[in-house]
Amino acid sequence: MKKLIVSTFAGAAAGAAGALFARNKVKEQLKKPSVRRKLSDLADGAIEGVLDTAAKVPGEKLTDIADYEDRAFMPGRERDCICPLPESAKWSLGYAQAGIIPDDLTERAYYLGGYLAYPPNRAEGVIDDLRVRTIAVDDGSGRGTVVFSEIDCVGISSRDVADIRLTLKKFALENNVVSINVGAIHCHSGIDTQGLWGD
């Protein structure tokens, strides 16, 4: 056992010394103008390649950032705190939650998000429920309600968050909801909500 520990430690030390030597050698090479120029040319070539590929991808024409209008943007509140709040102002907090396990979990192919496996890990049943939990907070100042939702999932795209806001746009206007914030808890044992870990 002692021989194994000593040889393992010696192997680790040799590996660390080798990595340090390699790092120092790379640092020396990066000081040379010719190497830096080659790296710069490689980076320029990579960027050109990405842009050429993007131009060939079918689909919607990309919008110039200057012309982009975010229909799902919600301005939220001013950062300034109202101090002191009027005596009539009272804090309010609302809370709701709901299960989000699909009814057809065992009938369709749902995959676990966050694990790279081949073949992909298919959901076979439920150990713990997956939920979405939401709070709504209002300080009673009349500036509006702010909503925060967290979903038991590995991730949620900006596009999906925008769709949620657009779906609730009329409700938000009618109820003075000034901000809807949606996040994911980054759960690695829930359903793949981004299409990255399945077939």
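**Exercise 1. Determine the secondary structure content of the chain and its order.**

Solution. The chain holds four helices and four strands, where helices (H or I, at least four residues) and strands (E, at least two) are DSSP runs numbered from the N terminus. Along the sequence, these elements follow the pattern α-α-β-β-β-α-α-β.

The model is predicted: local features need pLDDT of at least 70, side-chain atom pairs count only at pLDDT 80 or more, and totals for chains, interfaces and linings use all residues. Residues are numbered from 1 along each chain as its sequence is written, and side-chain values use heavy atoms, with hydrogens and water left out.

**Exercise 2. State which residues form the negative surface patch, and classify Asp 44 by accessibility.**

Solution. Step one: the patch consists of Asp 41, Asp 44, Glu 48 and Asp 52. Patch residues have over 30% relative accessible area and no salt bridge, with like charges joined within 9 Å and nonpolar side chains (Val, Leu, Ile, Met, Phe, Trp, Tyr) within 5 Å. A salt bridge places a side-chain nitrogen of Lys or Arg within 4 Å of a carboxyl oxygen of Asp or Glu.

Step two: Asp 44 belongs to helix H2 (residues 33-56). Asp 44 counts as partly exposed because its relative accessibility is 40%; buried means under 20% relative accessible area, exposed over 50%, and partly exposed in between (1.4 Å probe, protein chains only).

**Exercise 3. Identify the residues of the nonpolar surface patch and locate Ile 135.**

Solution. Leu 93, Tyr 95, Ile 135 and Phe 148 make a patch of about 420 Å². Ile 135 lies in strand S2 (residues 131-138).

Notes:
Accessible areas come from the Shrake-Rupley method with a 1.4 Å probe; for residues, only the protein chains shown count as cover. Lys and Arg count as positive and Asp and Glu as negative; His and the chain ends are not counted. The place of a charge is taken as NZ of Lys, CZ of Arg, CG of Asp or CD of Glu.
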